[in-house]
Amino acid sequence: MQPKLVAVLGAGAWGSTLANLASATGHNVRLWSRHLECSLAETVDGADIIVSAISMKGVRSVVEQIRSLSFAPETIFLTATKGLEPTTTLTPAQIWQAAFPDHPIVVLCGPNLSKEVQQGLPAATVVASTDITAAETVQMVFSSNRFRVYTNSDPIGVELGGTIKNVIAIAAGVCDGLHLGTNAKAALVTRGLTEIIRIGVAWGAKIETFYGLSGLGDLLATCNSPLSRNYQVGYQLAQGKNLAEILERLEGTAEGVNTTQVLIAKAHQQHISVPITTQVYRLLQAEITPRQALEELMLRDIKPEYNF
Ligand SMILES: NC(=O)C1=CN([C@@H]2O[C@H](COP(=O)(O)OP(=O)(O)OC[C@H]3O[C@@H](n4cnc5c(N)ncnc54)[C@H](O)[C@@H]3O)[C@@H](O)[C@H]2O)C=CC1
Ligand SMILES: O=C(CO)COP(=O)(O)O
């Protein structure tokens, strides 16, 4: 494959890591951050692949800044953000697709704690698009003997798996912070997956996608690692710290905090049952303590085990 020109927008933990991965496989990489001198227009000029690793709160403004520029029709937009836009409830890929309707949009999601990937530890991920040729191009650019990239044709499923698991990761942090044990954690993660599937399928994703790397895979990584910022938020809430204090000291972005709010609003509108997300929401709002959240989950009506 000829070296591609890859423009990475967002030089935070994940953008820098993705830039290093593409550079390590021999591609030409430009990295943009709003804090650096380089202009956004110059960064994306002539790029074959434009990678967005901007946190959710900045996606719309970056899209608006580049939507009037002209791009070759084959330019691929790759989004790696895991979040939902509060005002519209759109996913990042849906925002990029609406701005660039004639371009291939690819989603990258998986169990990819950036610190481990930066250290060169082995990892795998998924690139998903309705344009499978574009997904295969991205696969070629990022694949290496340390980073195994799979393609998938269900972008909404891949994106929602990576996004909604952040809410369950907060709950998992609470579970560990309260020292509730391995049985409790297994129950939480399993019922968390059921909740992710229930929401995801209602929003148009394929059920089987959630059993893959971007669903179960990312859920296991973030619910079990202190490297996960979302897990850290939950863990520290369980230790009695308040949310503002936690977020002020947190290194990077915990998207699950915003995602919880958006999910609650949308799930209520659509009458989707989201018991774990509801308790995470009430905890983040400081309406209940971690122990009360646990009680609420344990004392729900008993029922058959529906797995979606
Ligand atoms: N760090 C990780 O392990 C992984 C993170 N992600 C996702 O990638 C996204 C970014 O995460 P991190 O790099 O960890 O966060 P970060 O906080 O380290 O970096 C966020 C980046 O977004 C930029 N940004 C924020 N608001 C902006 C605005 N209004 N305009 C322009 N740029 C803006 C920041 O300047 C920074 O470059 C998140 O959605 C996260 O869920 C996905 C996989 C792994
Ligand atoms: O999404 C991630 C790993 O796949 C990173 O998780 P956090 O955003 O919780 O750190």
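Let's start with His179. It has 8 C-beta neighbours inside 10 Å, so His179 counts as exposed. Keep in mind that this is a predicted model.

Where does His179 sit? It is in the loop between helix H7, residues 155-177, and helix H8, residues 182-202. Now the backbone. Phi of His179 is near 55°. That is a positive value, in a residue other than glycine.

Next, His271. Its phi is also given as near 55°, again positive in a non-glycine residue. His271 lies in the loop between helix H12, residues 256-269, and helix H13, residues 275-284. Buried or exposed? His271 counts as exposed, because it has 7 C-beta neighbours inside 10 Å.

Now to ligand 1. Which residues come nearest to it? Of the 26 residues around ligand 1, those are Gly12, Trp14, Gly58, Lys82 and Ser114. Two elements give two or more residues to this shell: helix H1, residues 13-24, and helix H3, residues 56-66. H3 supplies the largest share, five residues.

A word on the record. The UniProt entry is unreviewed.

Ala13 first. Ala13 lies in helix H1. It is buried, because 20 other C-beta atoms lie within 10 Å; the cut-off for buried is 20 or more. What does Ala13 touch, leaving out residues up to four places away in sequence? Ser114 and Gly252.

Then Trp14. Trp14 has its place in helix H1. With 25 other C-beta atoms within 10 Å, Trp14 is buried. Setting aside neighbours within four places in sequence, Trp14 is in contact with Ala53, Ala80 and Ser114.

Notice Ser114. Ala13 touches it, Trp14 is in contact with it, and Ser114 is among the residues that come nearest to ligand 1.

To recap. His179 and His271 are exposed, and they sit in loops.

Definitions and conventions. Residues numbered from 1 in each chain as written. Chains lettered and ligands numbered in written order. Predicted model: local features only at pLDDT ≥ 70, side-chain atom pairs only at ≥ 80, totals over all residues. Near = placed C-beta within 6 Å. Helix = DSSP H or I, 4+ residues; strand = E, 2+ residues; numbered from the N terminus. UniProt positions renumbered as here; feature names shortened; annotations may be inferred. Buried ≥ 20, exposed ≤ 12 C-beta atoms within 10 Å, placed from the backbone. Contact = placed C-beta atoms within 7 Å.
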